[in-house]
Each structure stands twice: as structure tokens, then as C-alpha cells.
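Subject: Structure handover

Hello,

Here is the structure you will be working with. My notes on it follow below.

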Amino acid sequence: MKTHVKQSIELDHLNLAPEAKVEVSNLIQTLLDETKKQANELKLLEGKNQALTLELAHLRRIRYGVKSEALSQPQLSLFEEDWQTDISAIEAEIEQLPLPVPQRTKRARAGRQPLPDHLPRIEHRHEPQSCQCKQCGSELVKIGEDVTEQLDVKPAEFFVHRHIRPQYACRCCETVVAEPVPPAVIDGGMAAPGLLAWIAIAKYLDHLPLYRIAQIAAREGVTLSLSTLAEWIGRIGVALQPLVDRLTLHLLQGRVLHADETPVAQLNPGNGKTQRAYLWAYRSNDFESGPRIIVFDYQTSRSGKHARDFLDGWQGHLVVDDYAGYKSLFTLVGNCTELGCWAHARRKFFDLHQANASTVAFEALQRIGKLYAVEAESKHLSTEARQQLRAEKSLPILQSLHDWLLQTRFHTADGGGTAKAIDYTLKRWQSLIRYAGSGHLPIDNNPVENTIRPIALGKKNWLFTGSERAGKRAAAIQTLLGTAKLNGLNPAQWLAGTLEKLPAWSNSRIDELLPFAPEAIEALLKECG
């Protein structure tokens, strides 16, 4: 109202009729109201832009932050792909905001990785409609090409092998001759090795239940019943078991092994309830020569008896966490020597620091970090050079860490998180420092934990094993596929080729079928030779 009165006073200076003054005054008021409304909308847009920008910055910190147990980073979500999706969506929303500000410079992106050379190329040539210049009509001369590539994919492509066996007869002998069909893993079955491998990879590497595999086939017009798929998987497991037994034999030739276990739910037939079983894992040492091997052993409990049975008669260094089930292995004279895991010791202090920003935990993490810095420096050194580097750098760090832990523990009250973290490390001190006196012993148990992790994530899909036999079969196939991955092989290609060769393969040459790199197999044959 005051604004309207002021406008009327100012309009008195104009020589206007009363009706015109009212009309002009109303127009001015409308313009003022519209300006105020736009200012409010702009303020809301700026607030939304600020909120989206802050959210984007937060997601970027998480997405591109250090992916380890760093001091300033929270534990990362398993669904990391959602963060990348959210970042792209927020950027798109910010771009759509009608803010009256200059267009921002787009974030510089890393160059796109070239597409793999081994992929087949389908060329699409885009020639101009006319070879004459539109300006003067002269003939165009080719001076070069601009080539861009797009990655594409086909769904599972089913096809049929037709085995045609011409039959020939001898009129004199009255006999009929026909070439036999090559032997197969499943005699008389309709599944070729490629299909069997595809099903096994989908179930055990991609963690798809059989009914989902059947749905994928159905989309392509192929009917695969669950009973048929289950029968094929069962027969594949039996056929591949000799390879698993051979891998286990080679694994136990090593003098250093990693061991760990992860729980698995097992269905009890009849009552529909589940019990807890365990997938035990044993992995070779990366510092030793020879191919890398992972062997999974499915058992119905976490009893240390299973580790003793698997390692029966084996002697060497075993890298484990502080689970009591392994302890009996280290009390037997001349049997296993315990190697502690610094990743587990570090995790105690990491959790403590995350919980209350403990300065003691921070100091411990800093000191343990120096040990890992030495390991990073020695990663590509020879065994002798690594041993020398550890003697020069790691042993003094360990001695200083031990003195500091003892002094800190003396001033720390019992029962708290700090005391428990320090006690865990001091209790296992001898097993934790054992690696530093050598050049071939590992600092932690991460190699086997990293191998188990994909299977642990896969449990979200298949939830439980249907029986003890099913669990052992899964462990056997996971052993072969996991070892193939460790040795840089494509598990699907290796399995398809192996299933094709296996029925007619001599047992005396079984090492040639193991999921090792060709040069590793050649070295193995020479060694056994």
C-alpha cells in the first residue's frame, strides 16, 4: 500500500488523466510484484544449486577417495556404482537449472581407453552422397579418414552343432562303417561344451541361480528346464573333480600358504531350515615361484579339525588370523609355523580410530603404514633384495613399534578398546614379525581374503547351498575358476576348452589341462619330467 501511495505521488508530476494514472500505477505494481517473484525464484534456484553442488562434492570425495583403511575416509559402500550414477544425475540436474549465470566449463575427463584389439570389428563406411564439390562441381579427392569406434554386445547367442555321420557299406564283407562322434562330458546329451561352460560360469562366477539362467535362455526362445540344468551341473562337477584333486596336490607342494574361511548357509532337506557351514580357502604364496593356486574346501562346520585334515602332513609357514581353530596346527612339533597378519592387527586400530578418533590408534596406524611402504618398495625385488631391504628398514620400524606399544599399554587402563587393540598385536607379536626376517614370507593374509571376497558377495544372490554335496561341488568348481583368474586366464574360455578335451584326455597328462598359463604348464612338465 505504501508503495502504491508513493507511486501515486510521483505520478502527480506527469500530466495524466486520473484514469491513466491508476492504469500506469497498476502496471508498475504488477512489474514490481513480478520482479519480486523472480527474485524469490532465483533465490530458490541458487539454494537448490548450492545443495546439489555440495552433494556432488560429497559424492566425489567418496567416489574418488582413497579405497583403503585410510585415516580420513569412511568405509566405502559396496554399491560404488550407485555413487557414479548419482554424480552423473546431479551434474545433469545442475545443467538443467535455469540460472542466469555464464555456462560453466565442463569438467575435464580422462581420455577414453582404447577398445581391445582382439574384439572383431564390423565396419560401417559413410561415404558422401556425391563425389562432386557442391561449390564448383569439381571431383572430390580423398585426403584421409576419421575413425570412431563404439562398443556393442550380443545377448547369449545359441546355435546348434549338427554331427552328420555318413555310413558306408562294404558289399563284399557286408559291413557298415561310420566315424564315431567325439566323446563328450555328458554322453548322448544335447549340451555342447560351450553351453555347459556358459551355465557353469553364470552359476559359479556370476552367481546366478539356475532359474535365472533358464530365464535368460527363454528370452532367446530356448527352453532349458531346471531339472536339466541341475543334472548338467552335477555331471560337470564329477568330471572336473580330478583336476581339483591335482590342483590340491600342487598347492601342498608350496612351503608357504594362506588360509581363511567364510560362513555359508546350508539348507537342511526336509525341514526347510538352514545351518551354518563354512567355505575354507587355501592359497599359494605370491613370493614363491610357480603358478598361483586357490583351493576351496567346503565343510559343515568351523572346527579346526577340517584345517588339520586338509593340511595333514604338510609342513611350512601358514598365514592366518587369530582364529583358535588353527592353533593346534602350530603346537605340533615340526608341522606348521604361524605367520600373523598385519592387516588384521591394523584393522583393530583402524576401527578404534573410526569410533572415537583415538590419537593412540592414529599413531599406531602411522607406524604400521611405514611397514607397508617398505613392502610397496620391495614389491618387484628379488627374494634376496627384499630380505635385505626388510632387514634395513622393516626390522627397525618393528622394534620401535614394539617399544612404543609396551610403553603405551603400561599407561592404558584395562578393558577399553585401546587396550584390546594393543593386546591383540602384542599377543601375536612373534608371528607378526616373522615375515621381516625373510624375503619370501608375506606381510598379511590379504591375497586369500581378496580371492574369497567375490564369493562372499555372491552369497547375496544364491543365499544358501542346497546340500553338503552341492557345497562341495561349488567349492570344486570355484577352485578351478578362481585359479584360472589368478593366472590371468579367461575362465569361460578355459572351461569350454577343458570340457571339450576332458572326455578323451589321458589321466597321465592331466597337468596340461590345469588352469595355468601355458609357460607355467611347460615349466611344470619339465619339473615332473
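Start with Trp 280. Its relative accessibility is 0%, under the 20% cut-off, so Trp 280 counts as buried. The residue lies in strand S4. Along the sequence, Trp 280 and Asp 297 are 17 residues apart. In space, their C-alpha atoms are 4.9 Å apart. Please keep in mind that this is a predicted model.

Now the whole chain. The protein chain has 529 residues, and buried residues make up 35% of them. Its secondary structure comes to 17 helices and seven strands. Take the contacts between residues at least 6 apart in sequence: 63% of these join residues at least 24 apart.

**The five-stranded sheet**

Five strands form an open sheet. Their order is S5-S4-S3-S6-S7, and the pairing is mixed. Which strands are at the edges? They are S5 (294-299) and S7 (336-339), each of which pairs on one side only. From one strand to the next, the twist averages 30 degrees.

S3 (residues 256-267) and S6 (residues 316-319) run parallel, and three bridges join them. Val 256 has His 317 as its bridge partner in S6.

A helix covers part of this sheet. H15 (residues 468-486) lies across S3, S4 (274-284) and S5. Relative to S5, H15 runs at about 170 degrees.

S1 (residues 167-170) and S2 (residues 175-178) pair in the antiparallel sense. Four bridges connect these two strands. Tyr 168 stands opposite Val 177 in S2. The hairpin has four residues between its strands. Glu 174 takes a positive phi there, near 60 degrees.

**Helix packing**

I looked at two helix pairs. Two packed helices are described by the angle between their axes and the distance between the axes.

First pair: H4 (residues 193-204) and H15. They pack at an angle of about 100 degrees, and their axes are 11 Å apart. Angles of 65 to 115 degrees count as roughly perpendicular, so H4 is roughly perpendicular to H15. What makes the contact? From H4 come Ala 200, Ile 201 and Tyr 204. From H15 come Arg 473, Ala 474, Ile 477, Gln 478 and Leu 481. By class, the contact of H4 with H15 has six nonpolar residues, one polar and one charged.

H11 passes H12 in a left-handed crossing. On the H11 side, the contact is made by His 402, Leu 405, Leu 406, Thr 408 and Arg 409. H12 contributes Ala 419, Ile 422, Asp 423, Thr 425 and Leu 426. Sorted by class, the contact of H11 with H12 has five nonpolar, three polar and two charged residues.

**To recap**

H15 takes part in two of the arrangements above: H15 lies across S3, S4 and S5, and H15 packs with H4 at about 100 degrees. Trp 280 is in S4, one of the strands that H15 lies across.

Best regards

How values were computed:
Residues numbered from 1 in each chain as written. Predicted model: local features only at pLDDT ≥ 70, side-chain atom pairs only at ≥ 80, totals over all residues. Heavy atoms only, no water. Left-handed = near helix turned anticlockwise from the far one by under 90°. Contact = heavy atoms within 4.5 Å. Nonpolar A, V, L, I, M, F, W, Y, C, P; charged D, E, K, R; others polar. Pairing = 2+ DSSP bridges. Axes fitted to C-alpha atoms, helices over the stretch in contact; angles between N-to-C directions. Parallel < 35°, antiparallel > 145°, perpendicular 65-115°, else oblique. Buried < 20%, exposed > 50% of the residue type's maximum accessible area, 1.4 Å probe, protein only.
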